[in-house]
Amino acid sequence: MRPRSLLRSRGTLAELFSGRANSFGLLRLLLASSVVVSHVYPLAWGHLDPLWEKSGQQTDIGKMAVIGFFVLSGFMITGSGRRSTIGRYSWHRALRILPGLWGSLVISTLVIMPLLYRWQHHTLNGFWNDPNGPKTYLLGTWNTSLTGGWDVSGVIHEGIRRGTNFDGSVNGALWSLKYEILCYIVVGLLAAGGVLLRARRFVPLAAVALWVLILNDWIEAPGWRGIPGDMGSGVNLPGLGSLSIHFIVHLGFVFLIGATFQLYRERIPINDALALASAVAFLATLRWGGVFVIGYPAFAYLLLWLAIRLPGPFQRIGRKRDYSYGIYIYGFTVEQALAMLGYAKYGKLGFLACALAGTVVLAALSWHLIESPVMKLKDWTPGPIRRLKARKAAPAAAQDTAQDTAGAPTERREAEAVRPPTVSA
């Protein structure tokens, strides 16, 4: 590629982005799979993936994948918020998150965990009526609040006692969903208040405010590669439970970066040189520090650039069948089960291959049996609301009809005036 071509802007994001021709599906699939790769290490071997040490304990592969998800989500969800009414927006978001989640909870809690319990104890006695059994777990996780504990009837705890498992949760990957739902709520409120259409500058200003908080924490951190901020402080929100201030700030920041890209598409250049500089900056922050302050924005731009610039064949991946959400919500549980059954003996690559195979099967079933069918309901309107809309539309339709009727005689007289006379034979 010639230097002059590299430096030239390909156009703006508004000009080049197409809802039908982009690589968002591929990127989501890669990010979800990266979470599965990252979890191989802590779940089967008890230590974080190699990026944790190589980045100076700033981040790991799984956390960067979550960051990527929030960037892409911020871009797409903000677009949805601008186009939809608040009711339709909320309905779409609920359809996309909750049915798939509920399906995964049923499979993990009522199928996988009982099978593992029986494998451990050769009986199901004590599983169903345990104080921390399936009912408690389901009631505490159905809305992503995770208030019902992390284990089911002590299955994972028994695995830890036997030395096969190193994490105490059935599905630790669910932790990020409540932060995503919080971001959805914020977008819905901004859309309902007209901010996304009439005061869009509020979004980048909010992103800058969060960035300043992160910058301040980074400056005060013991080292340039340390984790900024107080990881222990939190807040309880109705319906969502306890949330970490650290993750609200960091995940909110990258979500708002994606939202800003959406709102200012006509000003965001798609430039190959800028993408290269972003890649270099991101890698440099992994090596020397500043992932949170510099690396996050660089990574965000790089993802949007890839979504636009990857060739056509990549853009077809995930367009009709999006397994990424299923991979994310099933991967952790599959890996916990494999670790308990002793699959670590096959080594990291063997364990990963088994984990990906099992996860993709469940993700495919989730898509074809739950996620895709329920998304067909996205245009459904409850009967009372539909009837209310019909009553409101009736007077306007009647007025239009009356106007058309009143104008008809005039139109007929004008037509007769220009009609040639009829001559009888």
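H122 is exposed, with a relative accessible area of 66%; here exposed means over 50% relative accessible area, buried means under 20%, and partly exposed sits in between (1.4 Å probe, protein chains only). You'll find H122 in the loop between α6 and α7 (134–141). Its backbone is worth a look too: phi of H122 is near 60°, a positive value in a residue other than glycine. As background, most residues other than glycine have a negative phi. This is a predicted model, in which local features need pLDDT of at least 70 and side-chain atom pairs count only at pLDDT 80 or more, while totals for chains, interfaces and linings use all residues. Residues are numbered from 1 along each chain as its sequence is written, and side-chain values use heavy atoms, with hydrogens and water left out.

Q57 also has a positive phi, about 60°, although it is not a glycine. Q57 sits in the loop between α4 (50–54) and α5. At 38% relative accessibility, Q57 counts as partly exposed.

## The chain as a whole

The protein chain has 18 helices and four strands. These elements are DSSP runs numbered from the N terminus: helices are H or I with at least four residues, strands are E with at least two. Of its 425 residues, 46% count as buried.

What about contacts along the chain? Contact means heavy atoms within 4.5 Å. Among contacts between residues at least 6 apart in sequence, 76% join residues at least 24 apart.

A14 is in helix α2 (residues 13–16). With a relative accessible area of 34%, A14 is partly exposed. Not counting residues up to four places away in sequence, A14 touches R265 and E266. There's also I268: it is 254 residues from A14 along the chain, yet their C-alpha atoms are separated by 7.8 Å.

T285 lies in helix α13 (residues 272–288). T285 is buried, at a relative accessible area of 4%. Leaving aside neighbours within four places in sequence, T285 is in contact with Q58, G290, V291, I294 and G295.

## The largest pocket

A quick word on terms: on a 1 Å grid over the protein atoms alone, a pocket is an open set of points with protein on both sides within 12 Å along at least five of seven lines, a cavity is a set where a 1.4 Å probe fits but cannot get out, and lining residues have an atom within 4 Å of a point. Grid points are joined across faces, edges and corners, and a volume is the space filled by probe spheres set on the points.

The largest pocket holds about 1500 Å³ of space. Its lining has 42 residues, of which R28, M76, R93, R96 and D322 lie nearest the centre. Two or more lining residues come from each of α3 (24–44), α5 (61–83), α6 (86–121), α9, α16 (324–340) and α17 (347–375). The largest share, nine residues, comes from α5. By class, the lining of the largest pocket divides into 16 nonpolar, 14 polar and twelve charged residues.

The lining of the second largest pocket divides into 13 nonpolar, seven polar and four charged residues.

## The cavity

How many cavities of 30 Å³ or more does the structure hold? There is one, and the largest cavity has a volume of about 40 Å³. T78, V187, L190, L196, V203, F255, L256 and A259 line the largest cavity. The elements giving two or more residues to that lining are α9 (177–192) and α12 (245–263). α12 gives the most, with three residues. In class terms, the lining of the largest cavity has seven nonpolar, one polar and no charged residues.

Conventions:
Ala, Val, Leu, Ile, Met, Phe, Trp, Tyr, Cys and Pro count as nonpolar, Asp, Glu, Lys and Arg as charged, and the others, Gly among them, as polar.
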